[in-house]
Amino acid sequence: MLTNQIVSAARIMGVQARRNYGVSAVLLSKATDPIQQLFVTKLRDYAQKSKGAGGKLVDASPEIEKELKQEMDKLAKQYGGAAGEDMTNFPAFKFVDPTIDPINSTA
């Protein structure tokens, strides 16, 4: 029984290793197609720009920033937030335990 489990585990690990090798071989190969190489270059450029933007929109014009602010204010108003409130944060809940009168067991 233990031998069957070991053989089964070895077989599964062999299949996974073959799949991982097949996927990584494709990923590690150089892009030979010029369009594919351009796509990879643009992805890397965008990754660098997004790191530099610090969580904001990449290459956004002032008009786009203004439109984003208007849309966020509209969502805040629609869902009960104040204008200018950050609706991307999860709300903080504060629960207060109610005061309960003690039960009088002699009554």
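User: Which residues make the nonpolar surface patch of about 240 Å²?

Analyst: In this predicted model, the patch is made by L57, I64 and L68, and L57 has its place in the loop between α2 (34-53) and α3 (62-78).

User: Why does L57 count as partly exposed?

Analyst: The relative accessibility of L57 is 41%, and because buried means under 20% and exposed means over 50%, with partly exposed in between, L57 counts as partly exposed.

User: How many aromatic pairs does a search of the whole structure find, and what makes the pair of F90 and F93 edge-to-face?

Analyst: The search finds two aromatic pairs. In the pair of F90 and F93 the ring centres are 6.1 Å apart and the planes stand at 80 degrees; rings pair if their centres lie within 6.5 Å, and planes over 60 degrees apart count as edge-to-face, so the pair is edge-to-face.

User: Why is the pair of F93 and F95 called stacked?

Analyst: The ring centres of F93 and F95 are 6.2 Å apart, with the planes at 20 degrees, and because planes under 30 degrees apart count as stacked, this pair is stacked.

User: Are F90 and F93 buried or exposed, and what about F95?

Analyst: Both F90 and F93 are exposed, and F95 is exposed as well.

Technical notes:
Residues numbered from 1 in each chain as written. Predicted model: local features only at pLDDT ≥ 70, side-chain atom pairs only at ≥ 80, totals over all residues. Heavy atoms only, no water. Patch = residues over 30% accessible without salt bridge, like charges linked within 9 Å, V, L, I, M, F, W, Y side chains within 5 Å. Areas by Shrake-Rupley, 256 points an atom, 1.4 Å probe, with all protein chains shown as cover. Salt bridge = Lys/Arg side-chain N within 4 Å of Asp/Glu carboxyl O. Helix = DSSP H or I, 4+ residues; strand = E, 2+ residues; numbered from the N terminus. Buried < 20%, exposed > 50% of the residue type's maximum accessible area, 1.4 Å probe, protein only. Phe/Tyr/Trp six-rings, centres within 6.5 Å; stacked < 30°, edge-to-face > 60°.
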